[in-house]
Amino acid sequence: MAEPKKNPKHRKSRYTADRGIAGAWEGETVTRRRVFEIGAQGVGGIAVAAFALPALGFALGPMFEDQLPDHFQDVGPEKDFNDETYVAKVIEIAPGAGEAGKTTIYVRKTDPSRDQQNADQPYVAISTRCAHLGCPVRYVQASRRFICPCHGGVYGFQGEVTGGPPVRPLDRFYTKAEGGRVLVGPRFSLNSKLERFPHPRDPSNHLDGLWQYLYPARPST
Amino acid sequence: MKLPQPPLPRSLQRRPARPGADGAGPNGQGPHDQKGAALTPKERAIEVPVSVVGWLDERTGASPFLRGFLYRKVPKGTNWFYTLGSASMFAFLSQAVTGVFLAMYYEPDTSRAYESASRITNELFLGELVRGMHRWGSTVMLVLVFLHLGRTFFFGAYKYPRELNWIIGVILLVLTLLMGFTGYLLPFDQRSFWATVVGVNLNSSGPIIGPYLADFLRGGPEFGSYTLSRFYAMHMLLIPGLIAALIGAHLYLVAKLGTTAPPWLKAEKPKALAKEEI
């Protein structure tokens, strides 16, 4: 092999004069051209970053921020609801989106004998957003089931999956009763044991066992 | 019997050549033909586009580039299947032109989108035609893109040295699909709304990054007013810009590397070489 390979430290001098670069002067290690190359590219990079990074953050911001208001909406007097059947109510779920920002929910009174889980909520407010891919489910009293029109998801009276592709029960909303009125608040998700996950997840996100870690919650919600 | 000529204004009459003029160069006398006669206005009018093109060509050097780009040699056996790429590009151009004009009437607002889209179809002059061209053109573009992909695959035109062009083409296919996905929401009727809800939640089903991707598309945790404006911006600014840039790169590589012969044509060996093989 070539001799310089044996002693790589001596292969290249750090002085430009030793490397035979034209116009090198005594003791110079970096050429003027190289300094300006790095400098110009650095300045250009800073200039691009100055507009690109804020723009990118602006576009990606909604991924990391909670836009949903943490307020409770009035859905009617307490006497409207019982623990035997669901009553359909309309709440605003995406403010400022007009009709498209409203959604139907199904509300009934909590039945302590049946609702061991989430018994702290005075009412059960079920979201109509199917846990498969988000189509709107409807409640059928005759079969006491929620049925999704898109891909045949079926849920029982508690919102638990009884058939079709959904991966977890229907989401619910926090409720409270104040001054004889029923108030509906933020959404929460449930796993198949109806255990509550305060950070709501998207449809199609499994929440059982290790699956829950594959579908992280939104950071700030 | 010969009728008299209608009187022509002086400026349109053919002027006799000046004495001594040989047509070699205009010495301040205006353009002349080869015999030295002054040019008629008609002849001068013909000269205008020629001189404009010449002026541009002299300053840009475009003609050697265009000659190489447009008058390339193509292999024997080139057939109609080789036009699918150009057809895809013209489908994109048609989408771009109709899309720009649709954007003049469309309002990307959750309470106005459906109304403005139906106004385009039902009330505006030629609105139904232009919206129809855009709507059916998207299907035509996808069909053409897939046929172009099939042609490239079955003719083996993705092999060395054209792998990079295959990769760019696959990215263009994905971007075309994204155009279909983002454009589908814009009419904002029940079908487009729920189809997009399902499509966004399909993205959400991907582990780890899925929920973030869905949040990016929706512009938040719920399907709202930002969703429509995001889809609109992606549909008419972000993705078309990327597609246009990548079509440029795709065409550059086609011009640089040339096209392939169809696989059923065997390479013709020089006779001398064939002899040496024996």
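A: Let's start with one idea: two residues are in contact if their C-beta atoms, placed from the backbone, lie within 7 Å. This is a predicted model, in which local features need pLDDT of at least 70 and side-chain atom pairs count only at pLDDT 80 or more, while totals for chains, interfaces and linings use all residues. Residues are numbered from 1 along each chain as its sequence is written, and chains are lettered from A and ligands numbered from 1 in the order in which they are written.

Q: Which residues does Ile105(A) touch, leaving out those up to four places away in sequence?

A: Ile105(A) touches Lys89(A), Ile91(A), Ala125(A), Ile126(A), Ser127(A), Thr128(A), Phe173(A) and Val184(A).

Q: Which residues have the most contacts inside the largest nonpolar core?

A: In soluble globular proteins, nonpolar side chains tend to be buried together. A nonpolar core is a set of buried Ala, Val, Leu, Ile, Met, Phe, Trp, Tyr and Cys residues joined through C-beta atoms within 7 Å. Buried means 20 or more other C-beta atoms within 10 Å, exposed means 12 or fewer, and partly exposed is in between. Here the largest core has 24 residues, and Ile105(A), Val107(A), Ala125(A) and Ile126(A) have the most contacts inside it. Strands S3 (102–109), S4 (123–127) and S10 (181–190) of chain A each give two or more residues to this core; the largest share, four residues, comes from S4(A). (Strands are DSSP runs of E, at least two residues; helices are runs of H or I, at least four; both are numbered from the N terminus.) A second, separate core of 22 residues includes Ile120(B), Phe188(B), Ala214(B) and Leu228(B).

Q: What is the order of the strands in the open sheet of chain A?

A: Strands of a sheet pair through backbone hydrogen bonds, either parallel or antiparallel. The order in this open sheet of four strands is S5-S6-S7-S8, with antiparallel pairing (two strands pair if DSSP finds at least two bridges between them). S5 (138–140) and S8 (161–163) of chain A stand at the edges with a single partner strand each, so one side of each has no neighbour in the sheet. S5(A) pairs with S6(A), residues 145–147, over three bridges; Arg138(A) has Ile147(A) as its bridge partner there.

Q: How many residues does each chain bring to the contact between chains A and B?

A: Chain B gives 26 residues and chain A gives 26 residues. On the side of chain B, H7(B) supplies the largest share, seven residues.

Q: Is Ser229(B) buried or partly exposed?

A: Ser229(B), in helix H9 of chain B, is partly exposed because 15 other C-beta atoms lie within 10 Å.
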